[in-house]
Amino acid sequence: MSEKKGLFGRNLRFEHRKRPFFGLVSYLQLSPKIEAMDMSIILVSLIFLGISLLVSGRLKAKFSQYSQLPIANGMSGKEIAEQMLRDNGIYDVKVVSVKGFLSDHYNPMDKTVNLSPEVYGGTSIASAAVAAHECGHAVQHANAYSWLMMRSKLVPFVQFSSSIVQWVLLVGVLMINTFPMLLLGGIILFALTTLFSVITLPVEFDASNRALSWLNNRGILVQREQEGAKDALKWAAMTYVVAALASVATLVQYVLIFLNGSRNDD
Ligand SMILES: [Zn+2]
């Protein structure tokens, strides 16, 4: 559901998970002083990894469930998307089909609503919910919705940060006694990605709210279908909430390492 990589995620969440485990082990061995702190980072990462797997499993189950429930009016995801765009006075956004499962997203660069084959051609509660949600992002873009604008501005910085942040943090922790500023730099980079995942929350909730209120007002779905759409989108949003919480928790851990290391230095 992000404008970059799609409904279920795969964007800039959980970067800390990509840190090679051997890296963690090596700096644990090299820095016994902050070992306890590092163990808590691993613990926090594992807890959030577990929660994240649970939530995304739940989301996939919900999606499969609602994919099998056809809507009464028989509109496909493509038709619903085009209708919602028109109703919002948007005529310069194209609705296209993209490969992949749950790969749906809105691309503000070329103004396309990209729907996975199941959503594009599907006539289920899930396809209606997802199609309308992605159009919610197109409506945000057309209205210059402030959180979306802010999020888009952050993208290049976050892409840069994501490419190096784990190495800066790793070396920063190793060198905390000789060059603590490096860890501070890593924390600032990581804080950018945390900010990004937090700003993603209002963007995602707002897109779903726009989708649900349009589906409701336009009478696209009957009551029972409307509730299903709400449920499916709720679980999609949950994956973003977990990602943001994980990022905040990891950031706090690094800040504590920094403060702890600085104190030990004195
Ligand atoms: Zn979204």
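1. Three strands form an open sheet in the order β1-β3-β2, and the pairing is mixed. Strands (E, at least two residues) and helices (H or I, at least four) are DSSP runs numbered from the N terminus; two strands pair if DSSP finds at least two bridges between them. Because β1 and β2 are the edge strands with a single partner each, one side of each has no neighbour in the sheet. On average, neighbouring strands are turned by 25 degrees against each other, direction ignored.

2. The model is predicted: local features need pLDDT of at least 70, side-chain atom pairs count only at pLDDT 80 or more, and totals for chains, interfaces and linings use all residues. Residues are numbered from 1 along each chain as its sequence is written.

3. β1 (residues 94-97) pairs with β3 in the parallel sense over four bridges, and Val96 has Asn114 in β3 as its bridge partner. β2 (residues 105-107) runs antiparallel to β3, joined by three bridges; here Tyr106 stands opposite Val113. The β2-β3 hairpin has four residues between its strands, and Lys111 takes a positive phi near 50 degrees there.

4. α3 touches β1 and β3, and its direction makes about 160 degrees with that of β3. α5 touches β2 and β3, also with about 160 degrees to the direction of β3. Contact requires C-beta atoms, placed from the backbone, within 7 Å. Angles run from 0 to 180 degrees between N-to-C directions, with axes fitted to C-alpha atoms, for helices over the stretch in contact.

5. The largest nonpolar core has 38 residues, of which Ala128, Ala129 and Cys135 touch the most other members. Such a core is a set of buried Ala, Val, Leu, Ile, Met, Phe, Trp, Tyr and Cys residues joined through C-beta atoms within 7 Å; buried means 20 or more other C-beta atoms within 10 Å of the residue's own. α5 (125-142) is among the elements that supply at least two residues each, and its share, 10 residues, is the largest. Leaving out residues up to four places away in sequence, Ala128 touches Ile71, Gly77, Ile80, Leu215, Ile220, Leu221 and Ala229. Another core, of 11 residues, lies apart; Ile176, Ile187, Leu189 and Phe190 are among its members.

6. α6 (residues 146-174) packs with α7 at about 145 degrees, the axes being 7 Å apart. The residues of this contact divide into 21 nonpolar, seven polar and two charged. Nonpolar covers Ala, Val, Leu, Ile, Met, Phe, Trp, Tyr, Cys and Pro; charged covers Asp, Glu, Lys and Arg; the others, Gly among them, are polar.

Key:
A residue is buried if 20 or more other C-beta atoms lie within 10 Å of its own, exposed if 12 or fewer, and partly exposed in between; C-beta atoms are placed from the backbone. Two residues are in contact if their C-beta atoms, placed from the backbone, lie within 7 Å.
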